[in-house]
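Visitor: I would like to learn how to read a protein structure. Please take me through it one feature at a time.

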Amino acid sequence: MTIQLRPAEARGHANHGWLDTHHTFSFAHYYDPAHMGYRSLRVINDDSLKPGSGFPMHGHRDMEIVTYLVRGALAHKDTTGGSGVLNRGDVQSMTAGTGVRHSEFNASDKDDLRLLQIWILPDREGHEPTYRQTSVPDAAKRNTLSLLVAPDGGEGVLDIHQDVRIYASLLDRGARVGHKLASGRGAWIQVVDGTLSANGQTLKTGDGAAIEDVETIDIAATTEAEFLLFDLT
C-alpha cells in the first residue's frame, strides 16, 4: 500500500481580498513541478469568494471542469447556454472541449461562497462543449459514498470524458465507509471539512492523499467529516 499525503498547509495559496484560494496542484502563479496533478486529476482549487465578487467571463479549452459547492450560492453563465444559481449540494460539470467561456460569481451580497473547482484532463482533445448540473443533498451523502461523476453518467450522475469517478461523502463522527480499488487504479481523497483516517493515515480539512496498491480503502471519521474521493485510471 502506498499513501502520499498532500498537507493543507503545503498547498499553494493566494489571497486577493475578494478571493482566498488554495491550490492542491500547480495553478496560475503557483508552480511546483512536484505537484502538477495526479493521474488525470489536474486541478483542485479550494476557493472562498466575498459577497458579490467572482470571475468575469473567461475561456477554457480541452478540460473537464467540475464545481462542487460547499456553502453559499454561485451564479454561473456560459457560452453553451448553461446558466443559473447553484447552492449547497449542487454540482456542475462542463466540457470545455473546442472552447467555452463562462463566468462565476457569488450570488449573495452578504454571505461568503466556498467551492472546490476541479479540472480533469479529457480522454482526447476536441470534444463539443457541454454543460451539466445535478443536485446531491447532504442526506444522499450521509455515511455513504455518493457517486457524483462517472464516464457513463447515470441517473443524477454527471458524465465525463475520462475514466474517472468522483464520490462525495459526509460522515458522522465515528462512521466509516469503504471503497474497493481495482488493480492499476489510484485514488485521491480530498478533505473538505473535518478529520478522518484513510487506511490509518490521518487527514484534516484541506489535506489530500494519493492512495495506490491497495484493494480496499477504509475511511473513518474522527469528527464529522466531508470529503471527495476520486477513483482514477
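Guide: Strands (E, at least two residues) and helices (H or I, at least four) are DSSP runs, numbered from the N terminus. This is a predicted model, in which local features need pLDDT of at least 70 and side-chain atom pairs count only at pLDDT 80 or more, while totals for chains, interfaces and linings use all residues. Residues are numbered from 1 along each chain as its sequence is written, and side-chain values use heavy atoms, with hydrogens and water left out.

Visitor: Is R132 buried or exposed?

Guide: Buried means under 20% relative accessible area, exposed over 50%, and partly exposed in between, with a 1.4 Å probe and protein chains only. R132 has a relative accessible area of 11%, so R132 is buried.

Visitor: Which residues does R132 touch?

Guide: Contact means heavy atoms within 4.5 Å. Not counting residues up to four places away in sequence, R132 touches E64, V91, Q92, S93, M94, T95, L158, D159 and H161. The side chains of R132 and T130 are also joined by a polar contact of 3.1 Å. A polar contact is a pair of N or O atoms within 3.5 Å; within protein, one must be able to donate a hydrogen and the other to accept it, and residues adjacent in sequence count only if both atoms are side-chain atoms.

Visitor: How many residues does the largest nonpolar core have?

Guide: A nonpolar core is a set of buried Ala, Val, Leu, Ile, Met, Phe, Trp, Tyr and Cys residues joined through side-chain atoms within 4.5 Å. The largest one here has 25 residues, and L41, Y68, L148, W188, L228 and F230 have the most contacts inside it. Elements that give two or more residues to this core include β4 (41-49), β13 (146-150) and β22 (225-232). A second, separate core of 21 residues includes L171, V177, V214 and I219.

Visitor: How should I read a sheet?

Guide: Strands of a sheet pair through backbone hydrogen bonds, either parallel or antiparallel. Two strands count as paired if DSSP finds at least two bridges between them. Here four strands form an open sheet in the order β5-β10-β7-β8, with antiparallel pairing. β5 (54-60) and β8 (83-87) stand at the edges with a single partner strand each, so one side of each is left without a neighbour in the sheet. Five bridges join β5 to β10 (residues 100-106), and the bridge partner of H60 in β10 is V100.

Visitor: What is the idea behind a salt bridge?

Guide: Side chains of opposite charge can pair when their charged atoms come close. The cut-off is a side-chain nitrogen of Lys or Arg within 4 Å of a carboxyl oxygen of Asp or Glu. The structure holds 16 salt bridges. In one of them, the side chains of R39 and E212 meet at 3.0 Å, N to O. R39 lies in the loop between β3 (19-23) and β4, and E212 in strand β20, so the pair ties together parts that are 173 residues apart in sequence.

Visitor: Where is D213, and what is its phi?

Guide: D213 is found in the loop between β20 (208-212) and β21 (216-221). Phi of D213 is near 60°, a positive value in a residue other than glycine. D213 counts as exposed, at 58% relative accessibility.
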